[in-house]
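Tutor: Look over the sequence and the structure below. We will then work through them by question and answer.

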There are 2 protein chains.
Amino acid sequence: MNTRIKNVLDRSEADEILISDPLAIYYLINRKFSPGERFLGLLIKKDMRPKLFLNILFPCEEIDGVDIVSINDTDILTDVLSDHIDPDSILGVDKTLQARFLLPMQEAKLARKFINGSLAVDKTRAIKDEEEKQLMRKSSKINDEAMAIFKTLVRDDISEKQVADQLLDIYRSLGAEGFSFEPIIAFGKNAADPHHMPDDTKLKYGDVVLIDVGCTYKGYCSDMTRTFFYKKGPNKDQEKIYNLVRKANEDAQRYVKEGVRLCDIDKTARDVISDGGYGRYFSHRLGHFIGIEDHEYGDVSSAFKYKCETGNIFSIEPGIYDPETMGCRIEDLVIVTEDGCEVLNSYPHDIEIIG
Amino acid sequence: MNTRIKNVLDRSEADEILISDPLAIYYLINRKFSPGERFLGLLIKKDMRPKLFLNILFPCEEIDGVDIVSINDTDILTDVLSDHIDPDSILGVDKTLQARFLLPMQEAKLARKFINGSLAVDKTRAIKDEEEKQLMRKSSKINDEAMAIFKTLVRDDISEKQVADQLLDIYRSLGAEGFSFEPIIAFGKNAADPHHMPDDTKLKYGDVVLIDVGCTYKGYCSDMTRTFFYKKGPNKDQEKIYNLVRKANEDAQRYVKEGVRLCDIDKTARDVISDGGYGRYFSHRLGHFIGIEDHEYGDVSSAFKYKCETGNIFSIEPGIYDPETMGCRIEDLVIVTEDGCEVLNSYPHDIEIIG
């Protein structure tokens, strides 16, 4: 049994856990499946080799330390599972397990009690091991290099979509597999909408250019935002907003270390922006955990009272979205360490005029 | 209460149905939401206006005939729902409802019994009304036009990915919103893998070029496959395979009408290919239902014994995947009518040399 599975079981209240999320399974046994509408499950319990329930349609070599239980489309899933799950157990099921699987399992009384077993996996995934840290560093390094290229794509009258459509090739040429999320490219007033998606808006002299992008490298995600000025520097109000967001980002990063509460990191950044008079324009949490998914369990928000642990990786992404003046966000990823944090992005925070 | 909702309730065994799939909700009330990890639900029952449980983060105008129940991130979901669901009812829940919602609902005893309530929705969706047929026709018409352009993109040494990367812009220029699924472009031997994804394989003189593509138009999906020959016609064996696949497609289309069984449509095509000696190389079902999703409930396969109904729309996509000779698939969408079917694709089935 590998360390990751052992850590999940140590954190769990369930006797057995049936994990169905393909990315959680990838994390635990390093095999990626896309089961579509078919069932996929990894059963783990103490003192038993993990069992992978796998449809024969998805060919798979042997997996070190894992028993594969083959299923096919004509099998009755609950019959297969009942040979392996103790009916007296408390069974943790994945939070994303769908009703079309869960209801028949309950009907067949596969376990004494069914509980949400995902938290043990999520909490384990929130602490990255050395191998994962290396991949996260590399993914963000590519993202830094990509940002330096992306900013050169702008020109008069190019649309947000036209910029966005060029990014994938650039990421691939730098060694990434693809996007970690759909890129956000926002010109001018669109930057004041934190969830803006690239559209046909054309770039004009003096626009703000907000670029929020990320790639995956060997499955691990990067995520970074920079806000540029097109051909003309900021006016006074814009400069004030930019510098507040920058200070919020940098003060929060300086505050991070093992043992501080995530809600207090959020507060550190939020206080900077509120004290500057823009509190109501910072309308989202400061950050989110990230790894093999761009949004993983764990928030940097007022609602998340847990303390940071060494190996947590999350985003620090304060923003001010003032429709009258500008939208601005500056985002980096950080790894929590014993006495601070390692910032994964090195692209500068300085005000930069592009084009 | 609109006709679609009424039809779902007429087909249902549950007293109340709580639908959580955003596309099913879109189908029923014509509003599209992307709730991400947040709960979204539409509660329907006889003699009650449908109720939409909607997080306040997703702003929404009034919806004709629907009551909106606002929820926010600090609400306890089961408390909100318990005001609206009869605890003595049999509650149909969506097949995709996740355990993190279903387990607390069961714990709170929101209903006497929980059953999979999706089939009533799925069966209703399987019969397209006039409005839907019009959109499906238009989506496939764009796909026909697109295919005529896509085939011109090929040249010596271009890679599958390089072709695939150009398709989205072409679809958009023709009025589509985007892909209905990731396009399959397969050169040479790759065409013999029915699930091949575009890679760096480069096109060579004499290659087969398989193009399996679809777009969405106002949310409705198209899906078509053609297999071309690059610069050089088929050899004898290839010609035999191509003509078998074509005959399988056309015989199946001629067989379709209201009342015939879907498994028998599959058999019609499969017999052609088996009689030609290539049965073991036709390794998938003949087709799938399609509408606002590219794969909807309903199969054209030996396992699906139901009879066709007027208004069903599905693919007819026989294929032969012989790694020694060629991979070939010819796919159209059809609408079932009383006395036959309407084929939505008009791009010819003839052997065509391109490049």
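Tutor: Before we start, a helix here is a DSSP run (H or I) of at least four residues, and helices are numbered from the N terminus. The model is a predicted one.

Student: Which residue just after H2(B) takes a positive phi?

Tutor: H2 of chain B covers residues 22-29. Just after this helix, a positive phi of about 60 degrees is taken by Asn30(B).

Student: Within what arc do the buried residues of H2(B) fall, seen down the axis?

Tutor: A residue counts as buried if 20 or more other C-beta atoms lie within 10 Å of its own. In H2(B), the buried residues are Ala24(B), Ile25(B), Tyr27(B), Leu28(B) and Ile29(B). They line one face of the helix, because seen down its axis they fall within an arc of 165 degrees.

Student: Which elements do the buried residues of H2(B) pack against?

Tutor: The partners include both strands and helices of chain B. The strands are E1 (16-19), E2 (41-45) and E3 (51-55). The helices are H1 (3-11) and H5 (118-125).

Student: How far apart are the centres of domain 1 and domain 2 of chain A?

Tutor: Chain A is divided into domain 1, residues 3-125, and domain 2, residues 130-354. Taken over C-alpha atoms, the separation of their centres is 35 Å.

Student: Which element gives the largest share of the side of domain 1 of chain A that touches domain 2 of chain A?

Tutor: Between the domains, 5 residues of domain 1 of chain A are in contact with 6 residues of domain 2 of chain A. On the domain 1 side, the elements giving two or more residues are helix H2 (22-29) and helix H5 (118-125) of chain A. The largest share, 3 residues, comes from H2(A).

Student: Which element gives the largest share of the side of chain A that touches chain B?

Tutor: Here 13 residues of chain A are in contact with 13 residues of chain B. Helix H4 (99-107) and strand E6 (113-116) of chain A are the elements that give two or more residues to the chain A side. That side divides into 7 nonpolar, 3 polar and 3 charged residues. Its largest share, 4 residues, comes from H4(A).

Student: What relation superposes chain A on chain B?

Tutor: The copies meet through the same surface, because 100% of the interface residues of chain A are also interface residues in chain B. Chain A is superposed on chain B, with an RMSD of 0.0 Å, by a rotation of 180 degrees with 0.1 Å of shift along the axis. That is the relation of a two-fold axis.

Student: In chain A, which residue has the C-alpha nearest the axis?

Tutor: The axis in question is the two-fold axis. At 2.3 Å from it, the nearest C-alpha in chain A is that of Gln98(A).

Conventions
Residues are numbered from 1 along each chain as its sequence is written. Chains are lettered from A and ligands numbered from 1 in the order in which they are written. This is a predicted model: local features need pLDDT of at least 70, side-chain atom pairs count only at pLDDT 80 or more; totals for chains, interfaces and linings use all residues. Domain bounds come from an automatic or database domain assignment. Two residues are in contact if their C-beta atoms, placed from the backbone, lie within 7 Å. Copies are superposed by least squares on the C-alpha atoms of residues with pLDDT of at least 70 in both. Ala, Val, Leu, Ile, Met, Phe, Trp, Tyr, Cys and Pro count as nonpolar, Asp, Glu, Lys and Arg as charged, and the others, Gly among them, as polar. A residue is buried if 20 or more other C-beta atoms lie within 10 Å of its own, exposed if 12 or fewer, and partly exposed in between; C-beta atoms are placed from the backbone. The arc is that of the directions from the helix axis to the C-beta atoms.
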